[in-house]
Amino acid sequence: MGYSGKVEESQLLLPKAQEAPEDRFHLAYIVYFILGAGYLLPWNAFITAVDYFHHLYPGVDVNRVFAVVYMVVTLLCLLLILGWVSKYSSAVVRINLGLALFVASLLVVPVLDLVYIRETQGLYSGYYATVAAVALTAVADSLVQGGVIGSASELPERYMQATGAGTASSVSLMRIFTKAIFPQDAHGLRKSANLYFGVSIAVMAICIVCYNVADRILVIQYYKHLKMQAMNEEQKEKASLTGSQWRSTILLDIVGRMKWFCLGIILMHLVTLSIFPGHVTEDVHSEVLKDWYPVLLVTTYDVFDLIGKGLLAFYLIKDAKIAVAVCIARILFYPLFLFSLHGPQFFRSEIPVAFLTCLLGLTNGYFSGVLMILAPKAVPVQHSETVGFVLVLFVIVGLALGSLVAFLWAF
């Protein structure tokens with residue numbers, strides 16, 4: 001299939017919305033919002049606690065190291081899942097295992113603090129354990145994210161929008177709250193970080209409950225039934241192909257249909273992660289705001305990312321060419337952010353940096369959402385789970401490249 005730019009409604013292999021059961025009390029929408037928040041919450045928890053980790057491990061580029069470890073491990077695990085694991089395990093098993101691993105990874109920080117670190121700076125064995133927890137979070141993310149996105153793509157587009165809005169829900173606001181209620185000293189920083197990770201663990205427990213009750217919601221049952229019907233029909237049509245031939249043919253067809261969307265997704269996330277969080281939290285400084293500055297910048301990005309994804313509920317660009325063109329144009333963020341390091345004093349001050357961070361988050365939220373909503377419409381609904389993993393794979397490719405490019409800011 002060529003790149004036609006606009007995704008026509010006829011490409012949707014789902015029935016009209018009025019034929020489906022009503023989403024009473026918007027339960028399905030809320031569930032997908034919570035799941036979207038859940039699968040990125042552990043990663044966001046680690047990068048928004050940058051003030052705590054900088055205090056414990058001075059001299060370490062914490063967020064840059066976290067980003068490289070997280071993206072590389074996630075990429076390797078996704079390739080393993082696409083090539084092998086998905087053949088022998090169900091999405092339910094993978095997602096529940098991933099959610100349990102999220103809880104385990106989040107427990108590492110408060111447990112380390114309680115039994116080993118105890119406010120002591122420079123215990124770098126604790127830093128290595130934290131990096132290992134980030135790697136465990138990456139394994140969990142590879143198990144969960146593709147399944148959730150694939151499941152959302154079976155449903156009408158508002159549920160993918162809910163998932164995207166959930167990913168942008170600002171856990172950094174929670175970090176500000178937990179930081180503000182304690183004294184601004186080493187002891188207060190420790191208590192705020194422990195409370196922050198404790199609340200994050202509680203949210204993950206809610207995600208586990210939500211995922212396991214989702215299939216009882218009538219609207220979700222309805223669209224899953226349609227997917228199973230489409231899968232059975234396709235299996236009859238392609239009965240002559242072996243299992244490996246069928247999977248290879250399907251995978252190549254999916255990538256071919258979505259290739260321009262995937263290019264846009266790679267560019268979007270490459271630019272974003274090469275600037276945020278590494279450059280934003282490590283390289284720019286404020287004499288006035290001190291260690292609040294990176295926390296507030298992360299929050300600014302998260303809030304505008306959420307606003308961008310929220311705008312999708314009101315207006316969705318249907319022309320994929322525009323979305324891809326914006327992804328290419330975002331390369332202009334590089335010279336703009338370079339001015340925040342080496343430009344005139346005004347460009348290195350708090351207001352211009354905050355404005356650029358807002359714009360970075362807004363464009364990331366809206367246009368990444370556009371691509372993630374439009375891309376699955378180019379593929380038959382029975383391949384929704386594979387589509388989810390393919391989309392996440394290209395997201396992680398962009399993020400992995402971005403995390404490597406981020407180190408160039410140090411030169």
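Q: Which residues does Asp 113 touch, leaving out those up to four places away in sequence?
A: Asp 113 touches Tyr 52, Arg 118, Glu 119, Arg 190 and Asn 194. Contact here means heavy atoms within 4.5 Å.

Q: Before we go on, what kind of model is this?
A: It's a predicted model: local features need pLDDT of at least 70, side-chain atom pairs count only at pLDDT 80 or more, and totals for chains, interfaces and linings use all residues. Residues are numbered from 1 along each chain as its sequence is written, and side-chain values use heavy atoms, with hydrogens and water left out.

Q: OK, back to Asp 113. Where is Asp 113 placed?
A: Asp 113 is in helix α4, residues 91–117. Helices are DSSP runs of H or I with at least four residues, strands are E runs of at least two, and both are numbered from the N terminus.

Q: Is Asp 113 buried or exposed?
A: Buried, because the relative accessible area of Asp 113 is 1%. The cut-offs are under 20% for buried, over 50% for exposed and partly exposed in between, with a 1.4 Å probe and protein chains only.

Q: Which side chain does Asp 113 have a polar contact with?
A: That of Tyr 52, at 3.3 Å. A polar contact is a pair of N or O atoms within 3.5 Å; within protein, one must be able to donate a hydrogen and the other to accept it, and residues adjacent in sequence count only if both atoms are side-chain atoms.

Q: Zooming out, how many helices and strands does the chain have?
A: The chain has 17 helices and zero strands.

Q: And how much of the chain counts as buried?
A: Of the 411 residues, 55% count as buried. On the contact side, take the pairs with a separation of 6 or more: residues 24 or more positions apart account for 86% of those contacts.

Q: Which residues touch the most other members of the largest nonpolar core?
A: Phe 46, Phe 53, Phe 66, Phe 197 and Met 258, in a core of 115 residues. A nonpolar core is a set of buried Ala, Val, Leu, Ile, Met, Phe, Trp, Tyr and Cys residues joined through side-chain atoms within 4.5 Å.

Q: Which element gives the most to this core?
A: α1 does, with twelve residues.

Q: What is Phe 46 in contact with, neighbours within four places aside?
A: The contacts of Phe 46 include Phe 53, Phe 66 and Phe 197, which are also among the residues that touch the most other core members. Asn 63, Ser 105 and Leu 106 are among the other contacts of Phe 46.

Q: Now α1 against α6: how do the axes cross?
A: The axes of α1 and α6 (residues 157–168) come within 6 Å and cross at roughly 35 degrees. Axes are lines fitted to C-alpha atoms, for helices over the stretch in contact, and angles run from 0 to 180 degrees between N-to-C directions.

Q: Left-handed or right-handed?
A: α1 passes α6 in a right-handed crossing. A crossing is right-handed if the near helix is turned clockwise from the far one by less than a right angle, and left-handed if anticlockwise.

Q: What classes of residue make up the contact of α1 with α6?
A: Ten nonpolar, six polar and one charged. Ala, Val, Leu, Ile, Met, Phe, Trp, Tyr, Cys and Pro count as nonpolar, Asp, Glu, Lys and Arg as charged, and the others, Gly among them, as polar.

Q: How far apart are Tyr 32 and Ala 162?
A: Tyr 32 and Ala 162 are 130 residues apart in sequence and 5.8 Å apart in space, C-alpha to C-alpha. Tyr 32 is in α1 and is buried, at 3% relative accessible area. Tyr 32 also touches residues including Val 148, Leu 155 and Ile 220.

Q: Last one: where is Arg 330 found?
A: Arg 330 is in the loop between α14 (320–329) and α15 (333–342). Arg 330 counts as buried at 2%, and the side chain of Arg 330 makes a 3.0 Å polar contact with that of Thr 272.
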